[in-house]
Amino acid sequence: MAERSFVEEVKKLRLTEGELFRGEGILAVTKALLESGVSYVAGYQGAPISHLMDVLADAQDILAEQGIRFENSASEATAAATLAASVNYPLRGAVTFKATVGTNVASDALANLASGGVTGGALIIVGEDYGEGSSIMQERSHAFAMKSQIWLLDPRPNLPSIVDAVKKGFELSEASHTPVMLQLRIRACHVHGQFVAGANRRADFTLKDALENPQRDVSRIVLPPASFVHEQEKVKERWPAAVRFIEAHKLNEFFSEDADDIGIIVQGGSYNTLLRALERLGLADVYGRTQVPLYVMNVAYPLVDNEVLRFCMGKRAVLVVEEGQPNFVEQNLATILRQAGSPTVLHGKDMLPVAGEYTAAELLKGARAFGERYGRLQPLPVPAPVRKVIPLKEVAQIGVDNAPEPALPLDENVHARPPGFCTGCPERPIFSAMKLVESELGPHHVSADIGCHLFSILPPFNIGNTTMGYGLGGAGAAALNAPAGKRAISMMGDGGFWHNGLTSGIANAVFNQSDNLTIVVDNNYTSATGGQDILSSKAHNPTRSTGHAIERAVRGVGVQWVRTMRRTYDVAGMRDMIKEALTTRQKGPKVLIAQSECMLNKQRREKPLVRKAIAEGKRVVRDKFGVDEDTCTGDHSCIRLSGCPSLSIKTNPDPLRTDPVATVLESCVGCGNCGDVSHAAVLCPSFYKAEIVSNPTGWDRFRQRVRAGVIGWLQRGEAKRRAAYAF
Amino acid sequence: MSGTQPIKIAILAMGGEGGGVLADWIVDMGEANGYVAQTTSVPGVAQRTGATIYYVELYPEAQAEADGGRPVLALMPLPGDVDVVLASELMEAGRAVQRGLVTADRTTLIASTHRVYSIAEKSALGDGRVDSAELLAHAEKAAKRFVRFDMAQAAAASGSVISAVLFGALAGAGVLPFSRAQFEATIERGGVGVKPSLRAFGAAFARTQGAGEDEKPLPAPAAAPQPRHPAVRALVERVQREFAPALHPVLFEGVRRLIDYQDLDYAGLYLDRMATIAALPADEAHRLQLETARHLALWMSYEDTARVAALKTRASRFDRVRGEAGVEEGQLLAINEYMHPRLQEICETLPGGVGRWLLNAGAPRRLVERLTRKGRVIRTSSLHGYLLLRMVAAARRWRRSTTRYAEENGRIEQWLERIRSTAINHPELAAELAQCQRLVKGYSDTHARGLRNYDTLMAAFQRAGARMAPATLRELRDAALADEQGTRLRELLVRHALT
């Protein structure tokens, strides 16, 4: 069950010719796929295209109506290889994953696909996780497009342009027998906008046709001598075909081409931000009517030499706006201009940052530098030096064109808010237990993986030494396997395990006779990508096969020492099991499977059921933890061993104490971690668990009356004695 | 060229706070009322408790038609170019100021004044909180207009969420070209939790339109104590007679605490000890005396099992739990305590002789150790659990005979003696010394760590003697609270050549 349900949004996928679609960018892409007549879609979830997968999962009835096969691929490599169906048959297919990590995984299949070329349109939709909020290394998909020769689309971030890019992408792919990559930046995926829908289209040639009439063409298979032919074909046939198509269909756009003798070349994805910068500088209006000629490259690769030369003709200088590094486009432009003997001066990373996201503020600065250099803008007056008085806070000079720099003193008061485990997360107690083991056995080398569990590297746990990629936690500790007083610990999520960790980590450890410990976090979903089902999910999923235990797979590849902890909230139990794995004399890899359902998903599923049960008058017990403010002394050890968002602090109500006391917020889901940690770590007696019984039975009420009678009588006596001394 | 500008709105929120809902409401309101609306965000891992920004732009449709164009709307805010900033929490408002999104020429900042503490603030060994007044001052100075109140409280009061309160404050601030009815119609179109949302919206709207922003009631002057018990009256009168008025509130509190903790005599001992401190040279603010009075009361009421049991079984505590757990009419409540008494704590609770015997005995000691290896959950709301804890609380009677009492009193006397001898020549240093009690707190390992740090500081103090600057002692104290492993403290001791 995915984190977000798209059942409502999916209705928009049924819109037909002329109706207005309103919604998110990624949903518009889905609609565009339906309008393009795809026969199959596959992918692997991950920000920012998780929603695309979730929408498709919720739209299976519509897909079935259109005869579309939809796969939740095991990995991005699987997804990319799925495109093989378009090699021999006129089948349109699309796959999607997160870039650049997904592209890395998929690159083997992508390279083979690109070498042989395609018959049906093959579209690879990559969610570019670059810039603010990104959780991965900062690289560009552009390099993959160049090395395998896949055409790369980077459309302007508005819904009509994005939808058009999907449709034209298929046509371009077919016209040039080359797969096409559509790059969508994170903000474009989530942008809300409108476009006029078209009718959904059913493919003429179906998967059934392909299966029943298999076709074979040895020249499309990557094996010598065909592979050498492919290389020639790429540059002699497919590339020129693509360029012809791009030119003929005007995929790239020119604005106010001849308005001035300077101009800006910008990738489609950065168009809106650049336009805002120009508008603020008085060089454009809010509708995009610009005084500075613009060449908008909705196709980021390949460059169209003719268009570049046409744009630069008669211009003194052009500025290229190209986000990220290396500056592939800038280098390519330089070659084009140089070889044509063009006198146009080329600017790019000399006026814009070499690396880092091209934010509105950065583009404003770059465009201003360009405008000033060529006399289109007057330099900003240098502010007169003001005598420094010690201010409460320095407020920078105001003016949109002179964005205020953040004031320094505030930095100390505004803390980072790193992502952490959710309230009630079953992964928290695993790391609490590891902290306790650390205090007994000393620190160990921890090879971390990708997934929610990676938040352990942040405060308060500070556990984890390296992370090498999704599912590669086990592999990351492969070398650290020598006779020593300690064993290395590897982390792996269930998502990573099924993605490749079973082979790259576990099987590899068996084969190479590793002695290390791998902890597999089994929370029933690929939680970090939005809670999608996987093989080991417990949920019944009508269109997927679930319930395949990780333990069986691990034993299947030959691990002898396997333990499954069925309730991670048992901190002491977790601690003891990890200790055993780290100290046992038994040789060979140790695998500890830590099971408990992702709380985010569990709550989403159970909350409505509990509400319903209470409304129906059924007896329901709700747990909530709390801290006694008069016994808490404000040391916050409990917080350092948990980091739960619901475990916070508040001003100490005790007039004699100053340190804030711990407190449990309303959002507590009563997972029990607080209590177990305070037991296992022998913290303090301040934690209590309140059990609130809704719709109590008659027996409940009777017992309560007896208890309350006796306890109340004793409490009143005690209170009276104290009251005598009160003042 | 048209000079009309889009309306630019940034929303700063944390994952799960409904920032997305708020953005969607604004977009829906815009689209329903003749505006081209666009919103986007970078959710990513921010869903998992991180901070994130939602950005909305609105442009009048009629203007676009008149000008014959479609506006190109931006996907991220440009610092210095934002009309309205909505922040769901005070530090997030600070973040907006930090990022340059709030500027005095145009930005209306609408923020909740409540705090959701950062992990750095929460996990400090002492008090790591950022000063809200600082954040408020920054925001006030940066914004053209700063609309603020505790919106978490407002949300709770109307049984809704903070996004509805922010939406109401946005309407009330009157910075968008939409009427109250248009705002409310948007909530109704949303169709989820409409009634509570409208309630929260209305309250926030009224609050924002009203003149009063964040008026705090003046603290009521403390009433003169009215003891009824003659012996208590004697203690109160002694405070009034023998001590400077500035000390009275703290001393009253100390007396109150120690009668509750032990008995009248114990409170008398407290005043005896304080009398020797009151005789020391004092500055105008009586800082040394105040700090000693506070910390002495805390030390004398050190946390032991009997104290915890007494506090846990009170009627007032049962009521507090009832409130915190949100128990409603017709629901029943059970209270479970997580306790982990170990041999050490049991011996400390038993009468002196018995405790010492058990601590040194062979087989009985091992038996108790085995029985206490695991923590216990005690249900205080059951007869069995309640009576058990009352029995433990009764151990107060022989507290004076316990080994723990002897140890704590030895330390207290030593501490007081140090304060007294230091104060003669250096009252400021003595005041810092008094505050070192702050390190000794908590239970079991936490208590042991605190005590270790305290001993380290006292040893360093002993070594340096009166040559130690008050600031150095303060610095060492803060260092002891910087990390659990004592790393910072060790570094600092080396730097000051005090090892």
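The stops that follow concern the domains, the interface, the salt bridges and the aromatic rings.

**Stop 1: the domains of chain B**

The model is predicted. Begin by colouring chain B according to its divisions: domain 1 (7-209), domain 2 (305-326 + 333-403) and domain 3 (440-499). Between the C-alpha centres of domain 1 and domain 2 of chain B, the distance is 49 Å.

**Stop 2: the interface between the chains**

Next, display chain A together with chain B. How many residues does the contact take from chain B and from chain A? Chain B contributes 143 residues and chain A contributes 128 residues. The size of an interface is often given as the accessible area lost when the parts come together. Here the area buried between chain B and chain A is about 11,600 Å², and carbon and sulfur atoms give 57% of that area. The two chains also have 20 salt bridges between them.

**Stop 3**

Side chains of opposite charge can pair when their charged atoms come close. Select A:Asp628 and B:Arg320, whose side chains meet in a salt bridge (2.7 Å, N to O). A:Asp628 is located in the loop between strand 21 (620-627) and helix 22 (637-640) of chain A, and B:Arg320 belongs to helix 15 (residues 315-324) of chain B, so this pair joins two chains. Both A:Asp628 and B:Arg320 are buried.

Now select A:Arg276, A:Glu279 and A:Arg280 along with B:Lys8, B:Glu57, B:Asp81, B:Asp83 and B:Arg106; salt bridges that share partners join these residues into one network. A further pair to display is A:Arg640 with B:Glu484, a salt bridge with an N to O distance of 2.3 Å.

**Stop 4: salt bridges within chain A**

Over all chains, the count comes to 100 salt bridges. Select A:Arg92 and A:Glu174, which form one of them, with the closest N and O atoms 2.8 Å apart. Why does this pair tie together separate parts of the sequence? A:Arg92 lies in the loop between helix 6 (85-88) and strand 4 (93-99) of chain A, whereas A:Glu174 lies in helix 9 (residues 159-176) of chain A, so the parts brought together are 82 residues apart in sequence. Is A:Arg92 buried or exposed? Its relative accessible area is 11%, so A:Arg92 is buried. A:Glu174, by contrast, is partly exposed, because its relative accessible area is 26%.

Move on to A:Arg185 and A:Asp154, another salt bridge, in which the closest N and O atoms are 2.5 Å apart. A:Arg185 is in strand 7 (residues 180-185) of chain A, and A:Asp154 is in the loop between strand 6 (151-153) and helix 9 of chain A; the pair links distant parts of the chain, 31 residues apart. A:Arg185 has a relative accessible area of 15% and is therefore buried. A:Asp154, at 1% relative accessibility, also counts as buried.

**Stop 5: the aromatic rings**

The structure holds 32 aromatic pairs over all chains. Among them is the stacked pair of A:Phe421 and A:Phe431, with ring centres 5.6 Å apart and 15° between the planes. A:Phe421 is in the loop between helix 16 (360-373) and helix 17 (428-441) of chain A, while A:Phe431 is in helix 17 of chain A, ten residues apart. Both A:Phe421 and A:Phe431 are buried.

In chain B, select B:Trp25, B:Phe167, B:Phe183, B:Phe201 and B:Phe205, which form one aromatic cluster.

Finish with two arginine residues. The charged end of A:Arg156 sits over the ring of A:Tyr271, 4.7 Å from its centre. In chain B, the charged end of B:Arg399 sits over the ring of B:Tyr261, 3.7 Å from its centre.

Conventions. Residues numbered from 1 in each chain as written. Chains lettered and ligands numbered in written order. Predicted model: local features only at pLDDT ≥ 70, side-chain atom pairs only at ≥ 80, totals over all residues. Heavy atoms only, no water. Phe/Tyr/Trp six-rings, centres within 6.5 Å; stacked < 30°, edge-to-face > 60°. Helix = DSSP H or I, 4+ residues; strand = E, 2+ residues; numbered from the N terminus. Buried < 20%, exposed > 50% of the residue type's maximum accessible area, 1.4 Å probe, protein only. Lys NZ or Arg CZ within 6 Å of the ring centre and 35° of its normal. Domains from an automatic or database assignment. Contact = heavy atoms within 4.5 Å. Buried area = accessible area lost by both parts, 1.4 Å probe. Salt bridge = Lys/Arg side-chain N within 4 Å of Asp/Glu carboxyl O.
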